[in-house]
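Please read the points below alongside the coordinates.

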Amino acid sequence: MGKITGFMEFERVEEGYQPPAERLKHYREFVIGLDDAQAKVQGARCMDCGTPFCNNGCPINNIIPDFNDLVYRGDWKNAIAVLHSTNNFPEFTGRICPAPCEAACVLNINDDPVGIKSIEHAIIDRAWAEGWVVPQPPKAKTGKKVAVVGSGPAGLAAAQQLARAGHDVTVFEKNDRIGGLLRYGIPDFKMEKWLIDRRIEQMQAEGVTFRTRVLVGALPDGSKVTNDAREVVSPEQLRAEFDAVLLCGGAEQPRDLPVPGRELDGIHFAMEFLPQQNKVNAGDKLKKQIRADGKHVIVIGGGDTGSDCVGTSNRHGAASVTQFEVMPQPPAQENKPLTWPYWPLKLRTSSSHEEGCQREFAIATKAFVGKGGKVTGVQTVHVEMKDGKLVEIPGTEKEYKADLVLLAMGFVSPIASVLDAFGVEKDARGNAKASTELVGGYATNVPQVFAAGDMRRGQSLVVWAIREGRQAARAVDEYLMGASLLPR
């Protein structure tokens, strides 16, 4: 643990931010991490809990009290060893994870939780700066070949684990750069992409082969999913060339809003809008980019993807940004006795909201209106919950001006045509059907084909993707070798 009385002596210290007026001028990260002294104080706040609920609150079961204590004692090198023992990419989660571990912190019952995420961020940044993060090539090769389809956090975590086990791993990515939704679903101002490139170099030194612009299977006609593929590989080719195939694609099938006027120009899925800006930031020259400059922007969907659309629109120079959420506004403070240690329902204001955004709750879209084939407004009505259902409130109809509408209502499933191409059985939600059992987990109904991450569980968090990638890697290793020394 940290200091015995630390939780009584020290207050939580949040990471800093550049002022909104400054950060709106660029697409770089603007979080100011903790310095060594601040991280030590946060580590000191960690208590000697009889049961550290933070461990279970973390999907990858980070050994949180241990690395908190090591930071408090100034043993940063062992702190990164503990952190890496469960998490392949702390620099990703330390920036973009919503930190369910902090919601589960015992101190959170009646005080502010330990700043676990900020400590994790500090550990990994210190480790890279000190040169402690180095390639870990296998001592011996197994001669087995594994194909990983998808290079998001699940695919990267699985590929790294399998390569370290001695297998020859090839990662297939349909887009022009590695990273999946890490690269093209998350704005650069939340996570700069050189962080991914740095890990790719490490993994290449460990023996992982990356193949970009390769589509495995097929996409449906008219698909709006980002796809830079110049080559198509069939499932039959993969199964013939590789001893195992692990499907780790993202949940890229967006939820649509089929109301009158949906066909108007100026209405786009969030994942048409966000990847384009990431490509421009990387130096690509696009023939046409969806821009928000001088426009009245309506973002439909109140989650993280919607928040990312808000931040990007403001950086474009939008005239106004309004975000719709169909559910009622949550309370400002959660009911801790009711929800702890689980993820609480409460109002969350992101850094993008702070940069300028009108938020509307309990509002439903009735229709899009337009002129000359282009969207000019959104017709809405307020709703309320009755008997477990959202019903319209008469007399609350309103029309909002809109030059650009971004649909950010979440994702329903992975692309069905990819799973269908492999003949993989799907569950009721359209995900690959595979269990997480200790024996035989992550295996689909198709011999030698496994699935993990969004492909198996649907839209989820980066931290869940890393967990599933690691566990699936162990399952594949057991399948190939009969046993595995990889951690689960």
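**Notes on helix packing and the sheet**

1. Helix 3 and helix 9 are oblique to each other, oblique being the class left over once angles under 35 degrees count as roughly parallel, over 145 as roughly antiparallel and 65 to 115 as roughly perpendicular. The axes of helix 3 (residues 36–44) and helix 9 (residues 116–130) come within 10 Å and cross at roughly 135°, where axes are lines fitted to C-alpha atoms, for helices over the stretch in contact, and angles run from 0 to 180 degrees between N-to-C directions. Helices (H or I, at least four residues) and strands (E, at least two) are DSSP runs, numbered from the N terminus.

2. On the helix 3 side the contact (heavy atoms within 4.5 Å) is made by Asp 36, Ala 39, Gln 42 and Gly 43, and on the helix 9 side by Ile 119, Ala 122 and Arg 126.

3. This is a predicted model, in which local features need pLDDT of at least 70 and side-chain atom pairs count only at pLDDT 80 or more, while totals for chains, interfaces and linings use all residues. Residues are numbered from 1 along each chain as its sequence is written, and side-chain values use heavy atoms, with hydrogens and water left out.

4. Five strands, in the order 10-18-11-12-13, form an open sheet with parallel pairing, two strands being paired if DSSP finds at least two bridges between them. Strand 10 (267–269) and strand 13 (358–361) are the edge strands, each pairing on one side only, and the twist averages 20° from one strand to the next.

5. Strand 10 pairs with strand 18 (residues 404–407) over three bridges, and His 268 stands opposite Leu 406 in strand 18. Helix 14 (residues 270–281) packs on the sheet, touching strand 10 and strand 18.
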